[in-house]
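Reader: I would like to learn how to read a protein model one feature at a time. Could you show me the structure and then take me through it slowly?

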Amino acid sequence: MPECGAMGGMRMARMKVPGHAPSGFYHCLSRVVDRRFILGQAEKEEFVRLMREYEAFCGVRVLTFIVMSNHFHVLVEVPQAPAPEERPGMDQVLGMLKKLTGHQNVGTVRQQVELFRELKDAPAEAELLARYHARMWDVSAFMKLLKQRFSQWYNRRQGRKGTLWEERFKSVVVEGAGRALLGMAAYIDLNSVRAGLVKDPKDYRWSGYAEAVAGVKWAREGLRRVMEGRMGKVLGPKRALEGYRMELFNVGREEREAMDAQGRRARGSLSRQAVKEVLAGKGRLGLGAYVRCRVRYFCDGAVLGSREFVEGMFRAGRHRFGAKRKSGARRMKGLEEELYALRDLRVGVFG
């Protein structure tokens, strides 16, 4: 599991696992140092471009994302690493490196490979290849490469040096079935709405949902994976996108009746203030209204999903918790549906 921040009941404030992080779904978040608002249109465009390049190189799938002015969110699916004999060979890796615009020394790497082959030093070539394989099928490697390459681009452009990002990155492990993955995707895509930048998430250009609406193939495929996890069946791209939009706007029980300008009964979504009033009164909200709030579980819950999923993750990492902790799953406060997190947030759950 990648770095997740401090957890209640854990012996250590931060935890890392050597080697590859396991396959699965991860919500990753990182902020600009001092949370400065420095990401303008050009920076957001470059970030998305690099994200897609390293998504392909690392063999992961970005399901959705959003780039704001001082931070970003990415929802990533990490597949199981293929068997060694099925991984790309050195010549294929060189071809992949050539496609990375941020990679400056592909010529040097090619010369190294040619030298190894001249000397018939197969172990040295295999060791070099293994170093590149270590950067694939791993969420930590993907995030490290993406942030490093963007920092290099930004620093060159601005004539600056030093750290650009506030921290390594935060992440939450998300269950790939049921409502957890959908809820996380919606929470990410609604960032621009919560920030008051747009009323419709499709109008915020630097997000997975906006790209999908604009017809970008990889963005549509990502949201299709989200909806297939929710529905438990294969969906076509068009139907998946339509279903996702309905979930984002949550037509139905997450709405209340109101009066329009002509005095007729109309339907209008719950305002954020109304949502907070319900929460303050110890009421529970449906997922659609819940994701319209700044809810810390989506960024600080460590693991998100059904009770069984979270308990399974707890058992897998049991040695990291104190002896007093008997179970892992903690029900998310204020949510009508039963979704659970690994961390029990007690203060400042809702923004």
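Reader: Let me begin with Lys120: does it count as buried or exposed, and why?

Author: The words rest on relative accessible area: under 20% is buried, over 50% is exposed, and anything in between is partly exposed, using a 1.4 Å probe and protein chains only. Lys120 counts as exposed because its relative accessibility is 73%, and it lies in the loop between H3 and H4. Bear in mind that this is a predicted model, in which local features need pLDDT of at least 70 and side-chain atom pairs count only at pLDDT 80 or more, while totals for chains, interfaces and linings use all residues. Residues are numbered from 1 along each chain as its sequence is written, and side-chain values use heavy atoms, with hydrogens and water left out.

Reader: What is there to notice about phi in Lys120?

Author: Most residues other than glycine have a negative phi. Lys120, however, has a positive value near 55° without being a glycine. Ala302 is also not a glycine, and its phi is positive at about 75°.

Reader: Where is Ala302 found, and does it count as buried or exposed?

Author: Ala302 sits in the loop between helix H13 (297-300) and strand S7 (303-305), where helices (H or I, at least four residues) and strands (E, at least two) are DSSP runs numbered from the N terminus. With a relative accessibility of 0%, Ala302 counts as buried. Val173, which belongs to strand S4 (residues 170-174), is likewise counted as buried, at 7% relative accessibility.

Reader: How is the protein chain made up as a whole, in helices and strands?

Author: The protein chain has 14 helices and 9 strands, and buried residues account for 52% of its 351 residues.

Reader: How do I read the packing of two helices, such as H2 and H3?

Author: Two packed helices are described by the angle between their axes and the distance between the axes. The axes are lines fitted to C-alpha atoms, for helices over the stretch in contact, and the angles run from 0 to 180 degrees between N-to-C directions. For helix H2 (residues 90-98) and helix H3 (residues 106-118), the axes come within 10 Å and cross at roughly 165°. H2 and H3 are therefore roughly antiparallel, a label for angles over 145 degrees, whereas under 35 is roughly parallel, 65 to 115 roughly perpendicular and the rest oblique.

Reader: Which residues of H2 and H3 meet?

Author: Met90, Asp91, Leu94, Leu97 and Lys98 of H2 meet Val106, Val109, Arg110, Val113 and Arg117 of H3. These residues divide into 6 nonpolar, no polar and 4 charged, where Ala, Val, Leu, Ile, Met, Phe, Trp, Tyr, Cys and Pro count as nonpolar, Asp, Glu, Lys and Arg as charged, and the others, Gly among them, as polar.

Reader: Finally, which residues does Arg135 touch, if I leave aside its neighbours within four places in sequence?

Author: Contact means heavy atoms within 4.5 Å. Leaving those neighbours aside, Arg135 is in contact with Phe57, Cys58, Ala141 and Leu145. Arg135 and Phe57 are 78 residues apart in sequence, yet their C-alpha atoms are 8.6 Å apart in space. Arg135 lies in the loop between helix H4 (122-133) and helix H5 (139-158), and it counts as partly exposed because its relative accessibility is 31%.
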